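Okay, thanks for coming, everyone.

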4 protein chains.
Amino acid sequence: MASKTPVGFIGLGNMGNPMAKNLVKHGYPVIVYDVFPEACKDFQDLGAQVTESPADVAERADRIITMLPSSPHAKEVYTGANGILKKVKKGSLLIDSSTIDPVVSKELAKAAENTGAVFMDAPVSGGVGAALAGNLTFMVGGVEQEFNAAKELLTCMGSNVIYCGEVGTGQAAKICNNMLLAISMIGTAEAMNLGIRLGLDPKLLAKILNMSSGRCWSSDTYNPVPGVMEGVPSANNYQGGFGTTLMAKDLGLAQISATNTKTPVPLGSQAHQIYRMMCAKGYALKDFSAVFQFLREEESL
Amino acid sequence: MASKTPVGFIGLGNMGNPMAKNLVKHGYPVIVYDVFPEACKDFQDLGAQVTESPADVAERADRIITMLPSSPHAKEVYTGANGILKKVKKGSLLIDSSTIDPVVSKELAKAAENTGAVFMDAPVSGGVGAALAGNLTFMVGGVEQEFNAAKELLTCMGSNVIYCGEVGTGQAAKICNNMLLAISMIGTAEAMNLGIRLGLDPKLLAKILNMSSGRCWSSDTYNPVPGVMEGVPSANNYQGGFGTTLMAKDLGLAQISATNTKTPVPLGSQAHQIYRMMCAKGYALKDFSAVFQFLREEESL
Amino acid sequence: MASKTPVGFIGLGNMGNPMAKNLVKHGYPVIVYDVFPEACKDFQDLGAQVTESPADVAERADRIITMLPSSPHAKEVYTGANGILKKVKKGSLLIDSSTIDPVVSKELAKAAENTGAVFMDAPVSGGVGAALAGNLTFMVGGVEQEFNAAKELLTCMGSNVIYCGEVGTGQAAKICNNMLLAISMIGTAEAMNLGIRLGLDPKLLAKILNMSSGRCWSSDTYNPVPGVMEGVPSANNYQGGFGTTLMAKDLGLAQISATNTKTPVPLGSQAHQIYRMMCAKGYALKDFSAVFQFLREEESL
Amino acid sequence: MASKTPVGFIGLGNMGNPMAKNLVKHGYPVIVYDVFPEACKDFQDLGAQVTESPADVAERADRIITMLPSSPHAKEVYTGANGILKKVKKGSLLIDSSTIDPVVSKELAKAAENTGAVFMDAPVSGGVGAALAGNLTFMVGGVEQEFNAAKELLTCMGSNVIYCGEVGTGQAAKICNNMLLAISMIGTAEAMNLGIRLGLDPKLLAKILNMSSGRCWSSDTYNPVPGVMEGVPSANNYQGGFGTTLMAKDLGLAQISATNTKTPVPLGSQAHQIYRMMCAKGYALKDFSAVFQFLREEESL
């Protein structure tokens, strides 16, 4: 364990914090940075080095993981005035676990390549709970011969590490999955609501769907109708889970990718609009399965 | 076996023909009618009684199954000038396996009740193959105490017979399932197409979706992308399966039910429009998973 | 004036009341019926005959106008147990100004024809204000040779009386206009909202649209953005005008007509869903231009 | 006239060519550049200076107009290795008439400001015909005190020059107008198609819409139904006019702006998808009013 070389970690938010701690648990010395200094406090207590900038991290570690909220943050952390690429060492391995536009991932990979470093995108699926438990899924894009090096670190934080192809395909896989998830969740909410109004018992309807061709993860594992399943956000007033605002963000990325590639996504774009409207109607922090409640509300007239 | 009383069967099309034959195989004498006399030929050869009208069937059998293409046909067969209700015997059991508007099912049930007969709606899922093999699923709505009597007959033709609730709920269950199916099929086609254009291998993407929250029947059992699975319509130029025009019809029923109950179905109505456009663009007779091909076509510019 | 023969009027609600009064002003003796007896009070005071049923009206008048809220009401008034057709005289002229499914108009026309009467559909555009002022627009469908007889009465209540074609085309014209209106109103709201968020002044943006190809009645005559125009519902907290719930009803009729004729209406069906959602979110009684407010709400996060 | 100082013009395509010629007609010496040297031929014959790069143009002219197909082209022309900003003189006026993402306009304005130059966005409405006739409409964003200097040049090419606000608002105005245009064009096509299928004469229906609340530029000036109007693309097999592929591009920009500002645009995004699908179905080069034809096609079944 003592021989492990340090790993940089930038972005210590709700997800980054438990991810970095899992690296520590696996014996890696970590060198951390966050734009909010207080986010580093936990790690100082754990004996980690706390630095002043992404460039500082790059000076001291040749393997760095970043976990950031959006494309502009990722650009700043990599290519900004005090960014990683200002001081990155040749041969360094840079792994970005943010969910961002795959076009930006490719730009960052190119910029990294110009400095002699290797950049891989490795967005995650699974939320804070999975980050704490160390069983995230990582979808990894980048040069295949570097995949094993990345996997060594990522398996400390996740139970599934999947190689998807060239740089950007990790993001692509995540975006496509979440777009389909949003569509089938809204579809489940519509079908359950229509069935209830036509006189069906919700538990019975869910059972019928789940043994038929309407079956999907949203109907059989994460049903959005209160009373149908236990242990899911719909059983707990849509608290916890995957927030509507995060789903809206991912659908925005899907929309931008579809626009850039001239791909028609009629239901994906409509799902985006629905989650956008929900954010504006007070659902931003509720689980995305609350679309059932959003569509369910009765006309009071 | 010899003691079995005759069963009437009206509507001997692609589905009705094998369904009625399965009744014969189970030892029921059948009394048949179809608006096209040649459709009765098979049954004449099997020794069945062929009649001149639905009313004739009702005169000779007190259990009747109907399998018709749409609401107007069902109205005509039950309440027309030579319809079943003109000569139905008190206490008769009338089972309609057509897929029609649940409002019409309720009207027919009321009209039947006025003559002292019992009407149940029992639409099927599963196509011609399941009808031949006798493993259809029946979703049954109607008075609960008559369910066992209906089930006795329906189990000759199907492997699943589910009681859904009062009259019309069989239709409701079918409509809701097929609406969700259409939505998740289009969603799967969009997600697969977007992923491919973003550089992902289709088999790998399907695998990732199927182990993630995007998983659905359309992705894991009936994938619409040629080359991903074998034995599905997408592997056979979208021949066989469930035709786009039939899906468009079911989505029209869902739309009418949603309009009547003031239920918002934003993705369901968009799915309806997409299948409607496909019908007009030459896809009417292809399997409904051909939406992948419809969305896939490249701009030639 | 004294020689004018009486005219029947059935349905004395918000619209029917002022319409019937305009007939009285033009010297026609009226014979009235409404399902709520108190609605007839005004007319008793004016010396009109008040009757007990639609059939009674038909016994005493050979020209009858009906103004009813929906298809089932119209069916009941014409073909119910005490309906017009029970006692209608041969050669009577029946004019239905309700907004209903054109399929129902055709059914009623056929039923009237069987009794030797003539039925025309003549839905109106213009709201309560236009009904009071006697400047409604009537869109009339039916046998062309009866149009002048209908026009004689309708010009007492409206300033435009347009012959549209065979029975049902009056409804068709109204439904098509209102569907396009709903689409362009939502489009105007989206464009104004997007422009404002991109930094444009709303009045300036409206001016640019109105001199450009985005110009429409919703942008130049009934702008949905508060502060852009005076004398419109958006200047008065969306009070008055054409209620969201009425627009949702008309879009439901458009949807049913489109489904019946297999016509793709992707934006029309989406507009229907949006107005349906607005009804469920407290906008039912606000003017339909309140869609700007519905889409405008900011995310509070 | 002789005293006029030269004006640079970069981008001599279908639109740029006649625009630059109108500057010449008004007596301005022009200094031109295009990535395709043959595009400069016309101007060489007219005695204009032809240069080797945008930087060359910037060295010789302190007023420059650019007319480019998309955001990446604009970035390259302004900030590329041989871009304008490499050699621009302090105080130069840079006017970009391309239709691009307003975010990119703002980035270019900032980059120009860093070199001491002023950047304005001035996209046009009106097509090749208006460019030839010199009656384009310019929507201008940028520092207000520079507007008159810009207007002096733009009035040589257009009949309307509108100041919209800070940098990017010219793009915003254009994007919003075109989004509303696309929505009302599709809405008009849907309403006309539905009306025709319900039995209305198309000319009569157009007349009714145009005197009612459904009226819009697409119905009264550019009706998409063949036979309703003369002198519009629908009267000429949808040739000429504004191509479907260009509309799809503008709707993509609207979509990106809406995503960036978290603005719900449910019909705008659906219009984008419809024009995207049309491009893939052979309509790319037809006028955008061909959506009527696209939706009109009958089911052959």
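This is a predicted model: local features need pLDDT of at least 70, side-chain atom pairs count only at pLDDT 80 or more; totals for chains, interfaces and linings use all residues.

Before anything else, a definition: when I say salt bridge, I mean a side-chain nitrogen of Lys or Arg within 4 Å of a carboxyl oxygen of Asp or Glu. Here's one to start with: B:D220 pairs with A:R215, and their closest N and O atoms sit 3.2 Å apart. Between chain B and chain A the count is two salt bridges.

Residues are numbered from 1 along each chain as its sequence is written, chains are lettered from A and ligands numbered from 1 in the order in which they are written, and side-chain values use heavy atoms, with hydrogens and water left out.

Back to chain B and chain A. How many residues of chain B are in contact with chain A? It's 57 residues of chain B against 57 residues of chain A, where contact means heavy atoms within 4.5 Å. As for area, the size of an interface is often given as the accessible area lost when the parts come together. Buried area here is the accessible area, with a 1.4 Å probe, that two parts lose on being put together, summed over both. For chain B and chain A that comes to about 5100 Å², with carbon and sulfur atoms giving 70% of it.

Across that interface there are also 20 residue pairs in polar contact, both residues at pLDDT 80 or more. A polar contact is a pair of N or O atoms within 3.5 Å; within protein, one must be able to donate a hydrogen and the other to accept it, and residues adjacent in sequence count only if both atoms are side-chain atoms. On the side of chain B that touches chain A, the elements that each supply at least two residues include β9 (158-165), α9 (169-197) and α12 (244-260). Helices (H or I, at least four residues) and strands (E, at least two) are DSSP runs, numbered from the N terminus. α9(B) gives the most to that side, with 20 residues. By class, that side of chain B has 33 nonpolar, 18 polar and six charged residues. For those classes, Ala, Val, Leu, Ile, Met, Phe, Trp, Tyr, Cys and Pro count as nonpolar, Asp, Glu, Lys and Arg as charged, and the others, Gly among them, as polar.

Next, chain A with chain C. Here 15 residues of chain A are in contact with 15 residues of chain C, and the two chains bury about 1500 Å² between them, 62% of it on carbon and sulfur atoms. Their count is two salt bridges. C:K281 makes one with A:E297, the closest N and O atoms being 3.0 Å apart. Chain A and chain C also have four residue pairs in polar contact, both at pLDDT 80 or more. Which helix of chain A gives the most to the side touching chain C? That's α13(A), with six residues. The class tally for that side of chain A is eight nonpolar, two polar and five charged residues.

Now inside chain A. The domain assignment, with bounds from an automatic or database assignment, gives domain 1 (7-166) and domain 2 (172-296). Their centres, taken over C-alpha atoms, are 30 Å apart. The contact takes 10 residues from domain 1 of chain A and nine residues from domain 2 of chain A. Between them these domains bury about 780 Å², 64% of it from carbon and sulfur atoms. A:T99, A:D101 and A:P102 supply 52% of the area that domain 1 buries against domain 2, more than any other three residues. The salt bridge count between the two domains is zero, with four residue pairs in polar contact, both at pLDDT 80 or more.

Most residues other than glycine have a negative phi. A:Y238, though, has a positive phi near 60 degrees. A:Y238 lies in the loop between α11 (217-220) and α12 (244-260) of chain A. Is A:Y238 buried or exposed? A:Y238 counts as buried because its relative accessible area is 2%; buried means under 20%, exposed over 50%, partly exposed in between, with a 1.4 Å probe and protein chains only. C:Y238 also has a positive phi, of about 60 degrees, and is buried at 2%.
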